[in-house]
Amino acid sequence: MGIVLVSAVLLFVVVGLFWTPYEPTQYSAALKNKPPSLSHPFGTDNLGRDILSRVMDGASTTFLISLITVAIGLSAGTVIGAFTGYYGGAVDELLMRLNDTLTSFPSILLALVFVSVIGTGKYNIILALGVIFIPSFARVVRSEYIVQKELDYVRNAKLLGAGDLRIMFVHILPNTKPILLSTITIGLNNAILAEAGMSYLSLGVQPPDASLGRMLSEAQTYLMSAPWSALAPGLMIVFTVLGFSLISENLR
């Protein structure tokens with residue numbers, strides 16, 4: 001079920017990268033808050049823009065931001081976790097105490113602090129969320145390396161003369177794949193929610209660009225008169241998060 005939901009959303013996202021029924025930023029005073037119809041299956045918003053087109057475009061933006069965010073966290077977190085878990089010592093203690101400090105705060109709160117310092121916008125939120133996701137990946141990788149480095153295959157590699165870097169990234173890293181895959185799906189889940197939350201607060205994607213969170217923020221004023229404005233972006237977030245949650249549960 002998780003794969004079916006995520007595949008359906010990804011198909012929607014991929015199509016939105018290359019084609020939308022209408023221009024997502026196309027305004028029309030004559031089409032303000034029109035209900036769903038054959039020409040506009042999801043209706044139109046308060047500025048007469050086609051909601052289907054904006055959901056397709058906004059979902060693509062949200063997914064791309066989330067993927068880049070997780071990629072930043074995964075890359076930096078894997079390197080930090082590998083070195084601290086393999087070598088231990090004072091550097092491990094220092095970095096892990098810093099890691100504990102960062103993880104003691106809600107990620108969305110830390111992201112708000114970063115954005116307040118570096119400013120709003122698509123690229124700034126990628127940087128902010130990417131940095132926030134590093135500690136979670138570092139902790140997972142470190143714990144795996146602490147276990148793996150004591151196993152026989154690592155000792156055999158050392159006896160055969162393999163260097164530390166080769167042992168860390170050629171021998172040990174592939175054996176962390178199961179836990180990393182689960183962590184990546186959870187990370188995508190959290191990144192989508194974080195991006196939607198930041199954009200909802202007008203701290204992420206800025207107008208006229210579309211984002212699922214931004215669309216919900218714009219639709220909240222018209223929930224009673226035009227509820228369809230919030231339905232499509234809201235369901236897209238729900239289906240995506242539910243899909244990744246189901247997949248991560250089965251990867252554990």
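**Close-up views of an all-helical predicted model**

Buried residues account for 43% of the 252 residues in the protein chain. The model is predicted. The chain holds 10 helices and 0 strands, and its C-alpha trace spans about 75 × 40 × 25 Å along the principal axes.

**View 1. The largest pocket and its lining.** The space in the largest pocket comes to about 270 Å³. It is lined by 16 residues, and those closest to the centre are Thr103, Ser107, Ile132, Phe133 and Ser136. At least two lining residues come from each of α3 (89–103), α4 (107–118), α5 (122–148) and α8 (177–200). Helix α5 gives the largest share, 6 residues. By class, the lining of this pocket consists of 10 nonpolar and 6 polar residues, with no charged residues.

**View 2. The second largest pocket.** About 230 Å³ of space lies in the second largest pocket. Its lining has 14 residues; nearest the centre are Phe42, Ala232, Leu235, Met236 and Phe239. Two or more lining residues are supplied by α1 (2–18) and by α10 (228–251). The largest share of the lining, 6 residues, belongs to α10. The class count for the second largest pocket is 14 nonpolar, no polar and no charged residues.

**View 3. The largest cavity.** The structure contains 1 cavity of 30 Å³ or more. The volume of the largest cavity is about 60 Å³. Its lining is made of Asp45, Asn46, Met215, Glu218, Ala219, Tyr222 and Ser229. Helix α9 (residues 212–219) provides the largest share, 3 residues. By class, 3 lining residues are nonpolar, 2 are polar and 2 are charged.

View 4. Arg54 is buried, at a relative accessible area of 1%. Glu218 also meets Arg214 in a salt bridge, at 3.5 Å from N to O. Arg214 and Glu218 are separated by about one helical turn because they are 4 residues apart in helix α9. With a relative accessibility of 12%, Arg214 counts as buried. The count of salt bridges in the model comes to 9.

**View 5. The salt bridge between Asp92 and Arg142.** The closest N and O atoms of Asp92 and Arg142 are 2.7 Å apart, in a salt bridge. Asp92 lies in helix α3 and Arg142 in helix α5, so the bridge links distant parts of the chain, 50 residues apart. Is Asp92 buried or exposed? Asp92 has a relative accessible area of 7%, under the 20% cut-off, and therefore counts as buried. Arg142, at 22% relative accessibility, is classed as partly exposed.

**View 6. A nonpolar patch on the surface.** Leu11, Val14, Val15, Leu17, Phe18, Trp19, Leu64 and Leu67 make up a nonpolar surface patch, with about 830 Å² of accessible area together. Helices α1 and α2 (51–87) each contribute at least two residues to the patch. The largest share, 5 residues, comes from α1. Phe18 has a relative accessible area of 72%, which is over the 50% cut-off, and so counts as exposed.

**View 7. Backbone details in the loops.** Most peptide bonds are trans, and most residues other than glycine have a negative phi. The peptide bond from Pro207 to Pro208 is cis, with omega near 5°. Pro208 is located in the loop between α8 and α9. Ser202 also lies in the loop between α8 and α9. The phi of Ser202 is positive, near 65°, in a residue other than glycine. Ser202 is partly exposed, with a relative accessible area of 30%. In the loop between α1 and α2 is Asn33. Although Asn33 is not a glycine, its phi is positive, at about 50°.

Notes: Residues numbered from 1 in each chain as written. Predicted model: local features only at pLDDT ≥ 70, side-chain atom pairs only at ≥ 80, totals over all residues. Heavy atoms only, no water. 1 Å grid on protein atoms, 1.4 Å probe; cavity = no way out; pocket = protein on both sides within 12 Å on 5 of 7 lines; lining within 4 Å. Points joined across faces, edges and corners; volume = space filled by probe spheres on them. Nonpolar A, V, L, I, M, F, W, Y, C, P; charged D, E, K, R; others polar. Patch = residues over 30% accessible without salt bridge, like charges linked within 9 Å, V, L, I, M, F, W, Y side chains within 5 Å. Areas by Shrake-Rupley, 256 points an atom, 1.4 Å probe, with all protein chains shown as cover. Salt bridge = Lys/Arg side-chain N within 4 Å of Asp/Glu carboxyl O. Buried < 20%, exposed > 50% of the residue type's maximum accessible area, 1.4 Å probe, protein only.
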